[in-house]
Amino acid sequence: MKSFFFTYFTGNSSVFQRPQTVSQYMLYSGPFKLTGWTGTNNSWQFVKNNQYWDKKAVHLQKINYTVNESTTTTLNLFQEKKLDLTQLASEQVKNMKSSSDYTTYPYSITAFLVYNFQDSNATIKKALNNAKIRQAISLSINRKTLVKNVIGDASTVSKTFVPQDLVKDAKTGKDFADESTVKNSTSYNKALAQKLWKQGLKETGIKKLSIQLLASNDEPNKPISQYLKSALEKNLDGLTVNLSNIPSKVASSRAQSGDFDLYLSGWGADFNDPISHLQIMTNNSGYNYGKYNSSTYNALVNKAQNQDANDTSARWQDMINAEKTIMKDQGITPLYQTVYSYLQNPKVKGIIHNTAGTQWNYKYAYIAK
């Protein structure tokens, strides 16, 4: 019966959403109870819940969590054997991926660009409402370069809004992302991008365009936004991308209020179903910050959730068509799918990692002798 030491670093705010109340006022029905949480502190514990119905299966007495701003500090702590599991920053992966302690945990998070279809600037609004301009932006981004050279961890290229390996077709066994991929939607094609860009500018009567890209300053969003600026300005004549890298809470608040042109965002699946992603881009969704509004897309998602909810085949096809619709429109532009890199004590066994919903399950975790 041992304690397990786990750390997160604050550079990736999507990893862990902390509870919004103090631990003493919370109720617990699972294998662990939260202790030491005051609402704002950077360390807390999960302690074995002796009232849990299956407590005999729980090996760990305590899990110690800490949050640290410095990945250099957390790496040192791991190497000093003061941590059992710690996440690596992108720049650390290159040097650590050959370590026997290196491991990866995928998660069904798609990072994407949001377009503001209701932009307060009339010229930018006209541009972003032109499908060819949005398509040109997507085709100007070399996602392989982005993942390999900029992000630098185990993340993978996105070809659809719904993540790869989230769910497969019950009949064919094919992955949803493979079945719904639209040609020339997320591939890198400079020539086609420039052609569509010129056509889009001509259709809108715009000669030059200056837009602002809003992103948090969390790692790795800052280098990603810098890469996007470079790629878009290089490939699309007359485009200027101004960067606004600000604290995540401020960026999120601005995005929710529609105060952006482009926004670097992302979404993680709450459960293993395409609708977890698809539903957030309907016109009545509170997460549709850019106000994308396609009657075709809205109808397909609505059918999947209502009329065809009990017809597996029809529902699947609704969702396939919805994915294809938003990709043809480039209602958003998918960039990459998150795979987190960690160093893990090889003696730590039994952790269950879920790629959607609650990420970690420590019920059966233990530290081998």
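Tutor: Gladly! Two strands pair if DSSP finds at least two bridges between them. Helices (H or I, at least four residues) and strands (E, at least two) are DSSP runs, numbered from the N terminus. This is a predicted model, in which local features need pLDDT of at least 70, side-chain atom pairs count only at pLDDT 80 or more, and totals for chains, interfaces and linings use all residues. Residues are numbered from 1 along each chain as its sequence is written, and side-chain values use heavy atoms, with hydrogens and water left out.

Student: How many bridges link strand E6 to E11?

Tutor: Strand E6 (residues 102–115) pairs with E11 over 10 bridges, in the antiparallel sense. Tyr 102, for instance, stands opposite Leu 343 in E11.

Student: Which residue in E11 is the bridge partner of Leu 85?

Tutor: Gln 344 is that partner. Leu 85 belongs to strand E5 (residues 85–87), which runs antiparallel to E11 and is joined to it by 3 bridges. Strand E7 (residues 156–157) also pairs with E11 in the antiparallel sense, over 2 bridges, with Val 157 partnered by Tyr 336.

Student: Is strand E11 buried or exposed?

Tutor: Buried means under 20% relative accessible area, exposed over 50%, and partly exposed in between (1.4 Å probe, protein chains only). In strand E11 (residues 332–344), 13 of the 13 residues are buried, so the strand is largely enclosed by the rest of the structure.

Student: And how do I read a pair of helices?

Tutor: Two packed helices are described by the angle between their axes and the distance between the axes. Axes are lines fitted to C-alpha atoms, for helices over the stretch in contact, and angles run from 0 to 180 degrees between N-to-C directions. Helix H11 (residues 295–305) packs on helix H12 (residues 312–329) at about 155°, with the axes 8 Å apart. That makes H11 roughly antiparallel to H12; the cut-offs are under 35 degrees for roughly parallel, over 145 for roughly antiparallel, 65 to 115 for roughly perpendicular, and oblique for the rest.

Student: Which residues of H11 meet H12?

Tutor: Contact means heavy atoms within 4.5 Å. From H11 come Thr 296, Tyr 297, Leu 300, Val 301, Lys 303 and Ala 304, and the H12 residues they meet include Arg 315, Asp 318 and Met 319.

Student: What about H5 and H8?

Tutor: The axes of helix H5 (residues 143–151) and helix H8 (residues 221–235) come within 10 Å and cross at roughly 135°. That makes H5 oblique to H8.
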